[in-house]
Amino acid sequence: MLTATLRPDANGQWWRRVASLSAILDEMRDGEVKRIISNNLHPSGATVPVGAKVIWAVKGNASGAAIWATIGAPGNGIETDDFKKDASGQWWILRWSSDWVARDHPTFAQMQAALATVSGSGSGGGYTPPEPLPASATLLPRRVGGVTQLVGDAGIGAAARYTVGGDGAWHWLPSRVAIFMVLGQSNAAVSEMEGPPLYIPAKTPDFVLMSNDGVGELGALRGWNGQPPGKAITGFVPAEITGVQSSAEALASASNALDPRGAGVIYAGSHGRGGAGFTATDPNFAIWKVLPSGAPAPQRIRMIEWVTAVMTYAPVPPTEIVIAFTHGETNRRDPWATYTADGLGYMADIEADLAFTGLPVVWLVDIPGGTTAMSAFGSDWQVKYALRELMRQARLAGHKVVDVGPRYHLPMGTARGGTQDHIHTSYLSQVRLREIDAFAYRNHVAGLPWWCAFPKGERAAGLGNKVILAVESLTPIMIDRGMVPLDPHFGFSLSNDSATITGVEQTGDREITLSLSGTPNSSARLQYVYRRPNAGEVDTRYVTAAGSIREVWQGTGPITGLPVYRPMHSFEVPIV
């Protein structure tokens, strides 16, 4: 009868699966082959079973896959690590994969063919076909599901193998583990938008994991959005989106697709809070400190608890923490100095909170675009400059920070219930932002620069009725009429002047020239994605004055298949 441990192969031969190494002594007989894992050079540390022809073993204190095969007695008759005699007087030789020859294991091919016909794996029964580990593999004690086991490291590609549950089944286990978090405000994947989330299981590796504390649309990938947890974390499960788009899952999946080191296990979670600044007197609307006491905000405490759980349940020790920081809407008009100082304090305290992990922290910082023309908030937000200054000072302070760039080219969405939203991006835009993050992170891992274009010298040159903008950028820039197709001046405007823009053209690899209706006055400033909506301006679903200037570099999002850009930063600079 077919059971979880007894199965026939295609030739009618029955096979028994053993759940423990000690069972080999009793259950292995002539013609039977069992996979074992051992830290001893002698198979299973036990006497070789009488009559057995071949035992396939993977060794913990020597690299590679090996077999024990029957041979005649060696000339000197002495047992060594490679020569053993069993209780019946049969001699055995240990052969490593690089030394296998047919005469040493005449039944090895039959063993592979037979076991390959037996389907299934895991606790439900069945046998995974045997496959030797690569020569670089070793077995090390690691935590798997809270239990110390011998785990294969440095295996095939980014993966190795290990056993779980004592059932003898093999499972893939990447040798690299990371923690990915999205922190910030509502656009850090906590906004509830119309339409189903964008989730493509085929593009989501099995080793993107989330906490098992989900209740409805809270917890798990989304976090608790400032609310007290409704369920404790007791483990981690494959990522699955329920109800609200997960930027954390998108970032993890896109990063795994692009990482030059190959895919790894990623623990993903969002810990944003809608409408929350760095500090607030209301504990539910702060991500850093509660005033006036200075106590850690609840959202920050939830994040620490989540990371603690990751460190408890991670199958192999994590190697890094990656934080995507999406913030600024609530603080849009805070003075630069205030926001920058708070941001530096926040970064320092978050890294101090995470110091117990012993892991390096990488920050991926994006810049908000503004609101659509249906809101008076516009896009002239001081926080755009404050975030760029925050990144500059954070690097000087020793933090690892990547300037992901602006997100003004990502359209807004429709709020749940059908109302067009003026400040929250669509689910598709949320995923596209994380694809940009993933490209920026890929460059960081590869030691390559990633930042977005900005005005050279933070100024523009006036020449009669012309304004010439020179740009600093990694690659040449271009006017892309398809990136944001609706602004007549590609995002440019003038402040403090009666002149109007009559034309915009590219006049060099890193130069844009604007034609004006007259000569600008001495106080005029050139703006890019940095103005309030005009009277009667139509809502385009992009932020006010969303621009079309980007670098010629372009990638393809690994999830959406849509273009990934490095757009030019928003600015307001003097004309000199």
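Modeller: A term to start with: helices here are DSSP runs of H or I, at least four residues long, numbered from the N terminus. Keep in mind that this is a predicted model.

Colleague: OK. What follows α7?

Modeller: G447 does, and its phi is positive, near 75°.

Colleague: And α7 itself, how many of its residues are buried?

Modeller: 15 of its 20, so α7 is mostly covered, with buried meaning under 20% relative accessible area.

Colleague: Switching topic. Where is D259?

Modeller: D259 is in the loop that links α3 (247-258) to β15 (265-270).

Colleague: Is D259 buried or exposed?

Modeller: Buried. The cut-off is under 20% relative accessible area, and D259 has 9% relative accessibility, so it counts as buried.

Colleague: Which residues does D259 touch?

Modeller: Leaving out residues up to four places away in sequence, D259 touches R176, Y441 and V445.

Colleague: Now helix packing. At what angle do α5 and α6 pack?

Modeller: About 45°, and their axes are 8 Å apart. α5 covers residues 336-353 and α6 covers residues 382-396. The pair is therefore oblique. α5 passes α6 in a right-handed crossing.

Colleague: Which residues meet there?

Modeller: From α5, they are W336, Y339, T340, G343, L344 and M347. The α6 side includes Y385, L387, L390 and Q393. By class, that contact has ten nonpolar, four polar and one charged residues.

Colleague: What about α4 and α5, what angle and axis distance?

Modeller: Helix α4 is residues 298-313, and it packs on α5 at about 35°, with the axes 10 Å apart. α4 also passes α5 in a right-handed crossing. R300, M303 and I304 of α4 meet D349, I350 and D353 of α5. That contact has three nonpolar, no polar and three charged residues.

Colleague: Last bit, the whole chain. How many helices and strands?

Modeller: Seven helices and 35 strands. The chain has 576 residues, and 53% of them are buried.

Colleague: And what share of contacts join residues at least 24 apart?

Modeller: 66%, among contacts between residues at least 6 apart in sequence.

Methods: Residues are numbered from 1 along each chain as its sequence is written. This is a predicted model: local features need pLDDT of at least 70, side-chain atom pairs count only at pLDDT 80 or more; totals for chains, interfaces and linings use all residues. Side-chain values use heavy atoms; hydrogens and water are left out. Axes are lines fitted to C-alpha atoms, for helices over the stretch in contact, and angles run from 0 to 180 degrees between N-to-C directions. Helices (H or I, at least four residues) and strands (E, at least two) are DSSP runs, numbered from the N terminus. Angles under 35 degrees count as roughly parallel, over 145 as roughly antiparallel, 65 to 115 as roughly perpendicular and the rest as oblique. A crossing is left-handed if the near helix is turned anticlockwise from the far one by less than a right angle, and right-handed if clockwise. Contact means heavy atoms within 4.5 Å. Ala, Val, Leu, Ile, Met, Phe, Trp, Tyr, Cys and Pro count as nonpolar, Asp, Glu, Lys and Arg as charged, and the others, Gly among them, as polar. Buried means under 20% relative accessible area, exposed over 50%, partly exposed in between (1.4 Å probe, protein chains only).
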